[in-house]
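Open the structure in your viewer and keep the selection tool at hand. We will go stop by stop.

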Amino acid sequence: MIDLLTAPFVEFAFMRRALAGCVALSVGAAPVGVFLTLRRMSLMSEAMSHAILPGAAVGFLWAGLSLPAMTLGGLVAGLAVALLSGFVARSTVLREDASLAAFYLISLAAGVLLISARGSSIDLLHILFGTVLALDDDALLLLGGIATVTLAGLAVAYRPLVMECVDPLFLRSVGRASGPVHYCFLALVVLNLVGGFAALGTLLAVGLMLLPAITARFWALDLTGLMPAAVVTALIASVAGLLVSYYGGVPTGPAIVLAAGALYLASMLLGPRGGLVWRLIPARHLEA
Amino acid sequence: MNAPVSAPGGALGFRGLTLGYARHPAVHHLDGTIAPGSLTAVVGPNGAGKSTLLKGIIGEIAPLEGEVLRPGLSRRDIAYLPQAAEIDRSFPIGVFDLVAMGLWRRVGPWRSLKAHRGAVEAALAAVGLTGFERRPIGTLSGGQLRRALFARVLLQDARVILLDEPFAAIDARTTDELLGLVHGWHAEGRTVVAVLHDLDQVGRHFPATLLLAREAVAWGATPEVLTADNLRRARRLCEAWDEEAPVCRAPAAAHRHDGPGHEGPGHDGHGHDHQGHDHHTHGHAA
């Protein structure tokens, strides 16, 4: 039994690489996802992941199917959209979600246009669904680097970031941290989306970021519990997805995200913090 | 409350201050000074620009014209309690951590809270929230949240404290306790400015009052400001939003007071009314 779980990783280097990549992604993206869901920006990250496409496409047109080029392009496009929409939201009447929607739609359409102009459908599949089973050294270094930067960034900006989430007006009234913190957070989101894009493809890049974070809400009450719970969920989903993909011969990216989805559904039913099953058990209210 | 040009350190001065939204003024050509250590109520009808004035003081909205003078005061010296705080009450954070935000000036983003634990607990005790430390903020009632925000202001230890309708929808006992805090701040020499609607309360607790109706209708000692005459004029001045309002032609400088309009509490009955007439004949004739 244990053998079934470990054999693929012991036997094949590409599975070990995939596992290492997913671990790095889980450790960095899941805590970012926790903040995203708490800030009610869940769908914003989905939009942002599409915004990465044209940058990756430009990288692809320029250097072929090369991860560094596509990553760099994606990073530039994602940061540009994030900064532009943040700027528009802070200086016009538009709310952040509306301005982001406008920019990401422009960006996504431009990306599809660019890719269809040059690429074959195989390339398109790589971009859409990722290449987690073909991570080379560069890609692993990239994912590890992103996780490192993310954890360091969250540690440094933790207190102002929480304040910006809870009471942005207060943070603005006591100092100048509000703007920088907001943009740094957006940069971390883009960074992790680009990492997810390398491993899981643009369509699923958000999967390991959001599903574990949402799942964690059924297991923990406050941030100190939510972030570890999200990381653990992401790790379990990664391993489960890789194994299902290996034994079932199904695409890896969707398998990992579906595993995270299964964990979410299970937690929604059974999770100790507001899981549906607990509602069926009547409990008398307290005295005070 | 002297002419704003010579505002002393720690005072808040307004020089031809116009604040507004989409070019429509909500506060119109305001001149004057809030003296350091004074306890001032800002009253006026709905839409008179009271909240806008406080937002202008902390720099949350930029003046359309004129300026706010804060000599010797940095942003951190001003504590602001908004009317409807933008607090995300669904965020999983406890009362202790919310109140501890007031320590930002001293602990910044990285320093430990440990040394200040006692201060936070004392602030919670001062607002009657002892024992609520670990309660998530989402489970607080409106009044309890207000108390917590007062505790946060306490910890901010600011020289200037701006309160926007601090007692709206608060029961009488809580209001009395919070008013006690306000008097404490006044006794410590802090400048307190509060937007209020309860005129009896203003009369009982606030020595100075600014009656605002976009323009300052009257400003000075409370009994002389809150006359039936002034209140009637405030209501009349606060007209509806006029989409077709002409461009205000009055030069900002022309609205400066010729004399020291406000010699501090107890000395000013006539207030700013000549300013209003002056402006309207100019602006609306265009």
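Across which strands of chain B does helix α9 lie? Select residues 228-237 of chain B to find out. Helix α9 lies across β8 (208-213) and β9 of chain B. Its direction is at about 155 degrees to that of β9(B). Keep in mind throughout that this is a predicted model.

**The whole of chain B**

Now select chain B. It holds ten helices and nine strands. The chain has 286 residues, and 44% of them are buried. Look at how the chain folds back on itself. Take the contacts between residues at least 6 apart in sequence: 74% of these join residues at least 24 apart.

**The sheet**

Next, colour the strands of the open sheet in chain B. Six strands make it up, in the order β5-β6-β7-β3-β8-β9, and the pairing is mixed. Find the two edges: β5 (78-81) and β9 (215-221) of chain B each pair on one side only. Neighbouring strands are turned against each other by 15 degrees on average, direction ignored. As background, strands of a sheet pair through backbone hydrogen bonds, either parallel or antiparallel.

**Inside the sheet**

Zoom in on β3 (residues 39-43) and β7 (residues 191-195) of chain B. These two strands run parallel, and four bridges join them. Which residue of β7(B) stands opposite B:A41? It is B:A194.

**Where the chains meet**

Show both chains. How many residues of chain B are in contact with chain A? There are 18, and they meet 19 residues of chain A. On the chain B side, twelve of the touching residues are nonpolar and six are charged, with no polar ones.

**A stop in chain A**

Finally, select A:F185. You will find this residue in helix α10 (residues 178-200) of chain A. Is A:F185 buried or exposed? A:F185 counts as buried because 24 C-beta neighbours lie inside 10 Å, and 20 or more are needed for that label. Leaving out residues up to four places away in sequence, A:F185 touches A:F35 and A:L161. Then pick A:M44. A:F185 and A:M44 are 141 residues apart in sequence, and their C-alpha atoms are 13 Å apart in space.

Note on methods
Residues are numbered from 1 along each chain as its sequence is written. Chains are lettered from A and ligands numbered from 1 in the order in which they are written. This is a predicted model: local features need pLDDT of at least 70, side-chain atom pairs count only at pLDDT 80 or more; totals for chains, interfaces and linings use all residues. Two residues are in contact if their C-beta atoms, placed from the backbone, lie within 7 Å. Ala, Val, Leu, Ile, Met, Phe, Trp, Tyr, Cys and Pro count as nonpolar, Asp, Glu, Lys and Arg as charged, and the others, Gly among them, as polar. A residue is buried if 20 or more other C-beta atoms lie within 10 Å of its own, exposed if 12 or fewer, and partly exposed in between; C-beta atoms are placed from the backbone. Two strands pair if DSSP finds at least two bridges between them. Axes are lines fitted to C-alpha atoms, for helices over the stretch in contact, and angles run from 0 to 180 degrees between N-to-C directions.
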